[in-house]
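Walk through this structure with me, one site at a time.

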Amino acid sequence: MPTPSLAALPIRRLTLRDLTACADLSEDRGWPREEHKWGLLLAAGKGYGIDDPDGGLVTACVVTEYGPYSEPDLAAIGMVLVAERHARQGIGRRLMRHILSAMSTTPLTLHATPYGRPLYEELGFKVTGRAEMLHGHFTPGGPAPTVNTRAATAEDLTTILRLDEEVLGTDRTHFITRLPAFADQFRVAEENGRVIGYAAAWPNMRTHVVGPLIARDTETAQALITSLAAGTDRPLRTDIDVRHEKLRAWARERGLAPVAFNSVMTYGIPELPGDWSRRFAPLTVAAL
């Protein structure tokens with residue numbers, strides 16, 4: 001029986017049952033398996049993919065929607081992957097066109113690598129910012145933080161959700177409420193009993209990813225990173241908006257080396273909503 005052409009293979013929704021196949025696809029492209037992250041994204045978002053008749057997936061991606069459930073006001077696209085054996089055959093373009101059609105008028109955002117950026121530009125995405133990936137063992141030093149931080153509690157969740165929506169400009173309740181179970185550390189910064197920032201550190205292979213990182217100012221962001229670093233022996237990774245030059249310089253001084261730059265792109269809106277000055281790092285570049 002002849003093998004159907006790639007163009008004839010249907011795009012379907014992925015579920016948590018596809019987690020291993022998604023991780024296999026990551027590994028196929030030389031990425032870490034990132035099963036923990038895939039689990040979050042497939043649970044909180046919508047996965048799309050094409051089955052390979054020979055087994056596994058030809059391609060996959062995840063779309064995470066934010067705002068009202070019935071009418072999201074923003075969606076993030078991430079983990080766009082095509083199996084190496086099927087690369088450069090238009091599969092990624094076909095999947096992305098399917099996503100654009102499925103999302104209709106919902107504004108979109110994504111973090112693009114230099115490799116992926118030309119495709120997204122061809123599809124109508126515009127570069128609206130950049131993020132610098134930093135990675136390394138955090139080395140304490142310099143003046144001690146003056147901002148108080150502590151572990152977040154269940155009682156903080158309502159306040160955190162309110163702050164998050166104010167800073168991000170959209171409701172991420174279904175994402176943020178998963179953080180206590182997803183992250184190894186979840187902390188808040190306080191001033192006079194008022195929460196002025198929060199951050200999490202979640203496990204990704206041999207590192208801890210710092211994100212999201214929401215803070216009133218750079219000093220608060222530094223205090224949160226310092227407190228998270230004190231709770232792990234693993235190297236840290238984070239993706240900081242390049243406009244936060246002071247925090248990036250401080251992180252480099254503390255041992256986090258620049259790894260790469262990704263372009264923040266949008267579709268259907270001129271820029272991301274919310275207050276970028278308090279949005280230091282996303283939960284993951286695959287979401288928001």
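The charged end of R13 sits over the ring of Y48, 5.8 Å from its centre. A charge sits over a ring if NZ of Lys or CZ of Arg is within 6 Å of the ring centre and within 35 degrees of the ring normal. This is a predicted model: local features need pLDDT of at least 70, side-chain atom pairs count only at pLDDT 80 or more, and totals for chains, interfaces and linings use all residues. Residues are numbered from 1 along each chain as its sequence is written, and side-chain values use heavy atoms, with hydrogens and water left out.

Now the rings themselves. The structure holds 6 aromatic pairs. Rings of Phe, Tyr and Trp (its six-membered ring) pair if their centres lie within 6.5 Å; planes under 30 degrees apart count as stacked, over 60 as edge-to-face and the rest as tilted. Y120 is buried because its relative accessibility is 9%; F125 is buried at 2%. Buried means under 20% relative accessible area, exposed over 50%, partly exposed in between (1.4 Å probe, protein chains only). Together with Y267, these two rings form one aromatic cluster.

F182 and W202 make a tilted pair, 5.0 Å centre to centre, with 40 degrees between the planes. It links distant parts of the chain: F182 is in helix α7 (residues 179-182), W202 in strand β9 (residues 194-204), 20 residues apart. Helices (H or I, at least four residues) and strands (E, at least two) are DSSP runs, numbered from the N terminus. Both partners are buried: F182 has a relative accessible area of 7%, and W202 has 1%.

Move to strand β11 (residues 236-241), which holds T238. T238 is buried, at 2% relative accessible area. Its side chain reaches the backbone oxygen of V210 at 2.9 Å. Beyond neighbours within four places in sequence, T238 is in contact (heavy atoms within 4.5 Å) with E132, M133, L134, V210 and A281.

Helix α2 (residues 35-44) is mostly covered, with 7 of its 10 residues buried. Among them are W38, L40, L41 and L42.

Is Y69 buried or exposed? Y69 counts as exposed because its relative accessibility is 82%. It lies in the loop between β3 (57-66) and β4 (74-82). Y69 and D171 are 102 residues apart in sequence, yet 9.6 Å apart in space, C-alpha to C-alpha.

Technical notes. Polar contact = N/O pair within 3.5 Å; in protein donor to acceptor, adjacent residues only side chain to side chain.
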